[in-house]
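Hi,

Here is the structure I said I'd pass on.

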Amino acid sequence: MKPQLAGRFHNFPAYPLADVPQIKRELIARGVDVIDLGAGDADLAPPPAAVRALVEAAADPAMSRYGFQLGWPPYREAVSAWMERRFGVRLDPFREILPIIGSKEGIAHLAFCYVGPGDLTIVPDPGYQPYVGGTLLAGGEPYLVPLRPENGFLLPFDELPGDVVRRAKILYLNYPNNPTAAVAPLDYLQRAVEFCRDHGILLVYDNAYSEIAFDGYRPPSIFEVEGAKDVAVEFHSFSKTYNMTGWRIGWAAGGAEAIGALSRVKAFVDTGQFMAVQAAARAALECSEAWVPGNVEAFRERRDVAVDALRAQGFDVPVPRATMYLWVPVPGDGRSESFARRALVEQGVVVMPGAALGPGGEGFFRVALTQPPQRLREAAERLGRIA
Ligand code: PLP
């Protein structure tokens, strides 16, 4: 008899355009100059100080031991110091901060602490897939809430049906938002904290894009809201801020109970990130104020070039205040999957179809600003040919 996959495995949503990597390989093999603006994975370099710290730490045998959930203590202390410098919030480095293996890992595993069979989670649609994935793996059910342009892509948690709110264990919010590039005002976050407190819901605030913001805008931490530590866990990542996607390092911050619960779940799953990577992450945080503005400026230039070039081709694209994404209405019949497929097959440009990020993303495609300005210009011209 053949081993059978578990039921939960079949609950994962199908991924439109799962064949993209294969098509891309075939096009490249045929000599097509493919421009990949699909994944949020920029071509820019990490801070030199982080690279140096990694090399140095890797040479120290003590750093090659298991990190466990404690990890490398100076990393926790550097995170705590940065959170205070950046947001003015104080977090105990050992009880209220946890090293994670990229924020995706932490986000997915946190669901195991709070969600079980019969429980719902409130998930932005479109949204980052680990909200759905973590919920399903924990045996719960994601309740997708469409993000609409007329609401500024803010999840309308105060309009949810009463029975959904009663069954909900987690509300996932992510601003600055992937994929819509929307940002949330502080009073919205205050109302979200209040809503979660009133209903005993954990607020998972995904702040992966907190540092990629333009024109003087400074995204807040959820902990700038009074009392948020009682109901919220916030996730941070080195992937976007420091171009360290492959390094797999981030942190969770929150009240001691939630952070302790996540640490306990993780203790059954992993044994900590390589401590040399944690040393590199500390070095990145320590050069943050000196290094990040230049990196943000590179994304700002790309944003402006791409917006102008896409508008010149007739796309109706807004200027985002944050993130490394443009969220663009699909011209014509509005079908994102067929548009993205044509973009790749006919023009050699990879974009993310909105529907790949949830049914609420239909009608849009996402451009990641992961290539230099002249490549973005070229991509916009090619996309204009199928618009
Ligand atoms: N959260 C959101 C909304 C993201 O879009 C991403 C990356 O695409 C992450 C978190 C970062 O994930 P990680 O730290 O696992 O690289």
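A quick convention before the helix pair: a crossing is called left-handed if the near helix is turned anticlockwise from the far one by less than a right angle, and right-handed if clockwise. Helices here are DSSP runs (H or I, at least four residues), numbered from the N terminus.

This is a predicted model, so local features need pLDDT of at least 70 and side-chain atom pairs pLDDT 80 or more, while totals for chains, interfaces and linings use all residues. Numbering starts from 1 along each chain as its sequence is written, and side-chain values use heavy atoms, without hydrogens or water.

Helix 5 (residues 103-114) passes helix 6 in a right-handed crossing. Their axes (lines fitted to C-alpha atoms over the stretch in contact, angles running from 0 to 180 degrees between N-to-C directions) come within 7 Å and cross at roughly 35 degrees. The contact (heavy atoms within 4.5 Å) involves K104, I107, A108, A111 and F112 from helix 5, and P130, Y131, G134, T135 and L137 from helix 6.

As for polar contacts (N or O pairs within 3.5 Å), a ligand oxygen sits 2.5 Å from a side-chain N or O atom of S239. The protein covers 93% of the 400 Å² of accessible area (Shrake-Rupley, 1.4 Å probe) that the ligand has on its own.

Cheers

Terms used. Helices (H or I, at least four residues) and strands (E, at least two) are DSSP runs, numbered from the N terminus. A polar contact is a pair of N or O atoms within 3.5 Å; within protein, one must be able to donate a hydrogen and the other to accept it, and residues adjacent in sequence count only if both atoms are side-chain atoms.
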